[in-house]
Amino acid sequence: MRHRIVLSIWLVVVWVALWRDVSAANIVSGVLVSAGVTWLFPPERRTALTVKPLAMARFIVAVFVSIVRANVVVAWEVLTPSNRINEGVVAVELASSHPVVITLVSHAIVLAPGTMVIDVEEGDADTPSLLFIHVLHLREVEDVRREVLELERLALAAVAGGDEARTEQEDAP
């Protein structure tokens, strides 16, 4: 219930921001739209995830380092006359199949120039999730997999309850 109230308040804030006018009419219409949206599309029942600030800071630092490193590689490619692009697609099996972890890892990958997640096959209890990543400067497939799995490990540490929440949701009747 608390989650639905917070979601409704957030939807009203977004509604008023989109109209760029704080008026009684916009607030009332925002409340009506918010009530309609949360009634028509109720939020999924999930156990709460706990964000660990120190672990999240480590994840953010790792993503920042990855972005800087990728920018240097792409800048070097632009500045040098020879073409050393060796692109490829790498499939990486993730240990977690929780949507929050997959989203964190996918967005961290996409932020770095020269890499892009082109497909996600979400797994379940029996099959692992797969990320298909296009890499512009592919040297070793195992290096790419190792970097992605390290990002996943950091994301799992940052978002406690990721896999536990997924397992509890699947086990519920």
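**Pocket lining, nonpolar core and salt bridges**

The lining of the largest pocket comprises 15 nonpolar, four polar and six charged residues, where Ala, Val, Leu, Ile, Met, Phe, Trp, Tyr, Cys and Pro count as nonpolar, Asp, Glu, Lys and Arg as charged, and the others, Gly among them, as polar. The model is predicted, so that local features need pLDDT of at least 70 and side-chain atom pairs count only at pLDDT 80 or more, whereas totals for chains, interfaces and linings use all residues. Residues are numbered from 1 along each chain as its sequence is written, and side-chain values use heavy atoms, with hydrogens and water left out.

The largest pocket holds about 600 Å³ of space, and of the 25 residues that line it, Ser66, Arg69, Ala70, Thr115 and Glu147 are the closest to its centre. A pocket is here an open set of points on a 1 Å grid over the protein atoms alone, where a 1.4 Å probe fits, with protein on both sides within 12 Å along at least five of seven lines, and lining residues have an atom within 4 Å of a point; the volume is the space filled by probe spheres set on the points, which are joined across faces, edges and corners. At least two lining residues each come from helix 3 (53-79), helix 4 (99-111), strand 4 (130-135) and helix 5 (141-158), with helix 5 giving the most, seven residues. Helices (H or I, at least four residues) and strands (E, at least two) are DSSP runs numbered from the N terminus.

Beyond its neighbours within four places in sequence, Phe59 is in contact (heavy atoms within 4.5 Å) with Leu104, Ala108, Leu151, Leu154, Ala155 and Ala158.

Four salt bridges are found in the whole structure, each defined by a side-chain nitrogen of Lys or Arg within 4 Å of a carboxyl oxygen of Asp or Glu. One of them joins Glu147 and Arg69 (3.9 Å, N to O); Glu147 lies in helix 5 and Arg69 in helix 3, so the pair ties together parts that are 78 residues apart in sequence. Glu147, at 45% relative accessibility, is partly exposed, as is Arg69 at 46% (buried is under 20% relative accessible area, exposed over 50%, partly exposed in between, with a 1.4 Å probe and protein chains only).
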